[in-house]
Amino acid sequence: MSGRREALRSHLQRLEGEAFRLQENENCRDYLPEMLEYIGDPESVFREWIYAAFYTWLYQEDLLSPAEMRELLAVLLDERHLFYGIGETTGESVFTRTFSILPVSLIIARHRQTPFLLQEEFAGLQAAILRYYREERDLRGYVDALGWAHAAAHGADALDELARCPESGEVFRREVLKEVQRMLDNGSRIFNDEEDERMATVVDSMIRESLLPEEELLKWIAGLAAYADRPRSRHQSIARQNSKQLVWCLGFRRPPESRSKALNSALQEAQNKLNRYIAQS
């Protein structure tokens, strides 16, 4: 075992018992290099401590300056973190990718509260997150003996934060919906670890905050329902079942009276079409 790894693990284990509140003689910046090095460690509890420290220091306590946040973001988005082993479908590289995108979401959330990213940095961030969601192939949820990978869910969290940023605009939000639909139509995995709920949050935010015209959202939902019309195959079944789950999540996320009649009708029609067990009149 690496001495640096064990030292960080020991520190974080102590901090976990103290709600990650630093003592007077401690500085979070001293921990960051090792946290970035071991962010995808195979030990699940160690990964979770690293994320919890990021959550406390970046989001709750806002301990880093804007310049330090930008520097941290650049590292998280590099080929040794968010894109480490991208395209692999097995092994342990997925943990580095999916636990790198979690603090990225925290940084975006901080930016939404008090903008600090430069225009070119924000554009690069958008491109990186879309690329990641497009190129990720390891879609395992919970991995026995290794814990959470959860790429589709963690990536959706980042897409939601980005889509809600005023700088994003409608063109980017359309790209977000395109990538969510592509993830549903992934050809290999029916999601069963509540990834559907996390992806539904992206769409729900667009509905709730009117981030896209309702007509476009209705059309997108109809596009999901269209998977029911494809020729039967395993690929078609995966897309249909994943889409059915997401539409179901959207339908029950909020009371019907909080949505327009058109949107309620679109969700009901899509569910009726995607669910093979609903009696068709």
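Residues are numbered from 1 along each chain as its sequence is written, and side-chain values use heavy atoms, with hydrogens and water left out. Because the model is predicted, local features need pLDDT of at least 70 and side-chain atom pairs count only at pLDDT 80 or more, whereas totals for chains, interfaces and linings use all residues.

**View A. Arg5 and Glu6 are joined by a salt bridge.** A salt bridge is taken here as a side-chain nitrogen of Lys or Arg within 4 Å of a carboxyl oxygen of Asp or Glu, and a search of the whole structure finds 31 of them. In this pair the N to O distance is 2.5 Å. Arg5 is buried, at 9% relative accessibility, while Glu6 is partly exposed, at 32% (buried means under 20% relative accessible area, exposed over 50%, and partly exposed in between, with a 1.4 Å probe and protein chains only).

**View B. A salt bridge connects Glu121 with Arg70.** The closest N and O atoms of the two residues are 3.4 Å apart. This pair links distant parts of the chain, with Glu121 in helix 6 (residues 119-135) and Arg70 in helix 4 (residues 66-76), 51 residues apart; helices are DSSP runs of H or I with at least four residues, numbered from the N terminus. Both partners count as partly exposed, Glu121 at 28% relative accessibility and Arg70 at 24%.

**View C. Glu161 and Arg112 form a salt bridge.** Their side chains meet at 2.8 Å, N to O, and the pair links distant parts of the chain, 49 residues apart, from helix 7 (residues 151-163), which holds Glu161, to helix 5 (residues 93-113), which holds Arg112. Glu161 counts as buried at 15% relative accessibility, whereas Arg112, at 29%, is partly exposed.

**View D. The largest pocket holds about 180 Å³ of space.** On a 1 Å grid over the protein atoms alone, a pocket is an open set of points where a 1.4 Å probe fits, with protein on both sides within 12 Å along at least five of seven lines, and lining residues have an atom within 4 Å of a point. Its lining includes Val247, Trp248, Phe252, Arg259 and Gln271, and helix 11 (234-253) and helix 12 (261-274) each supply at least two residues of that lining.

Terms used:
Points joined across faces, edges and corners; volume = space filled by probe spheres on them.
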